[in-house]
Structure formats: structure tokens, C-alpha cells
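We will go from stop to stop, picking a few residues each time.

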Amino acid sequence: MPDAIEFLKIRRSVKPREMSGPGPTPAELETILTIGARVPDHGKLAPWRFIVFEGDARARAGDIIARVFAKKNPSAPAADIEVEKRRLMDAPLVIAVVSFTRPHPKVPAWEQELSAGASAMNLVTAATALGYGANWLTGWFAFDRDVLDGFGLKADEKLAGFIHIGTPAKPAEDRPRPALSDIVTRF
């Protein structure tokens, strides 16, 4: 495993369309999920959970996305519906991070939502550390109540995002990063 600081300096997201199999083994998936659950969590509320989409489950999820899209866009061409159907098909593994909040006198909802975001980033980092490509994405369907219901989310649950994981087809290219002078101030 590379030095942690050097690894974090070079971590990059990989586009799902630039991923293929193999995906993580069952043992690697367990490691990724375990690391995803090791995040700051004030009050030990675990205000997140994971839905794993692999194999045929990715296609079944795509059927739900396409059905909702077609219903809400009745004049959409078949090609557009097919695009929606394939939303989770590029990477061999997709993990949805479900976020929810619990009433708590000392832990505001915002902190709980940030914990879910930290969980998503830990999933990305763990997958990347294991040598896989990873990307945290959303899309219209991550915010559509009918899709969320189809995925089994409860009424008070939201989707923090989908973590796509697979073998990169090529090295990930870096993108421009903000200059520290543009984003850091001192008080």
C-alpha cells in the first residue's frame, strides 16, 4: 500500500464508463464497507446505510430508473430511455449511500448528513486504496422520490450518492485543483 499522504495527494475519480471488471472480491467489498462505516459520527447515530448493486441488481435498478423516467417523460425517445436503463451498468459494483437523520438534542441534522458524506468519501478512498477506480455520483434519479421508493428507501431517507467501483481501463487524469491561496484564509 502506498504511503497514506502520497496516496491522498494523487487520489482521482475514475469515470464509470472508463471502468470494467473485475470488481472487488467479497472480502474486498467487506473491507470497503467496513471503512465506509468508520467515519466521524457524533452521538454514534450511524445516520447512513448502504445498498449494494452488483450483477443483475444493477440492471434491475436501471429498470426502475428507466420506468420512472419514461413515466415522467412520455415523449422521450427509446434511446433516451435506454440511457436511463444503463445508469448503473458501467462499473461492476455500485454502492448507494443512504442518508437519514434522527432527532437528537446535541447532534443537528446537518452533522448527521455530513457524516453520510464522509462515509461516501471513505468508500471512494477505500476502493481506490485497493487499486480500483471509484467515483461518487448522483444524477436526477438520486433525488427522485419515485426512484428512491423503488430502491426501498423510507420516506425520511435521502441518497447521498452512488459510489461506482471497478477496474480502471486507463490511468485517471487529474483535473485542475483550486490554488490554496484562493480557498484558504487565516483568522
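Select N135. This residue sits in strand β4, which covers residues 133-137. The model is predicted, so read every value here as computed from it. Is N135 buried or exposed? Its relative accessibility is 9%, so N135 counts as buried. Now show the side chain of N135. It reaches the backbone oxygen of V14 at 3.0 Å. Which residues touch N135, apart from neighbours within four places in sequence? Among them are S13, V14, K15 and P16, and also F162, I163 and H164.

**Next stop: helix α2**

Go to G21 and P22. The peptide bond from G21 to P22 is cis, with omega near 5°. P22 is in the loop between β1 (19-20) and α2.

Move on to the loop between α2 and β2, and select K44. K44 is not a glycine, yet it has a positive phi of about 50°. K44 has a relative accessible area of 76%, so it is exposed. Select A46 in the loop between α2 and β2. A46 is not a glycine either, and its phi is positive at about 45°. A46 counts as partly exposed, at 29% relative accessibility.

**Salt bridges**

How many salt bridges does a search of the whole structure find? The count is 11. Select E157 and R49 to see one of them: the closest N and O atoms are 2.9 Å apart. E157 lies in the loop between α6 and β5 and R49 in strand β2, so the pair ties together parts that are 108 residues apart in sequence. E157 counts as buried at 3% relative accessibility, whereas R49 is partly exposed at 28%.

Now pick K72 and D146. Their closest N and O atoms are 3.1 Å apart, in another salt bridge. K72 belongs to helix α3 (residues 56-72) and D146 to helix α6, so this pair joins parts that are 74 residues apart in sequence.

Then select R12, D174 and R177. These three are linked in a network of salt bridges. Within it, D174 and R177 meet at 2.9 Å, N to O.

**Last stops: the surface**

Select F143, in the loop between β4 and α6 (145-150). F143 is exposed, with a relative accessible area of 58%. Leaving aside neighbours within four places in sequence, F143 is in contact with T138 and L159.

Finish with L180, I183 and V184. They form a nonpolar patch on the surface, with about 310 Å² of accessible area together. L180 is in helix α7 (residues 180-183). At 61% relative accessibility, L180 counts as exposed.

Terms used:
Residues numbered from 1 in each chain as written. Predicted model: local features only at pLDDT ≥ 70, side-chain atom pairs only at ≥ 80, totals over all residues. Heavy atoms only, no water. Patch = residues over 30% accessible without salt bridge, like charges linked within 9 Å, V, L, I, M, F, W, Y side chains within 5 Å. Areas by Shrake-Rupley, 256 points an atom, 1.4 Å probe, with all protein chains shown as cover. Salt bridge = Lys/Arg side-chain N within 4 Å of Asp/Glu carboxyl O. Helix = DSSP H or I, 4+ residues; strand = E, 2+ residues; numbered from the N terminus. Buried < 20%, exposed > 50% of the residue type's maximum accessible area, 1.4 Å probe, protein only. Polar contact = N/O pair within 3.5 Å; in protein donor to acceptor, adjacent residues only side chain to side chain. Contact = heavy atoms within 4.5 Å.
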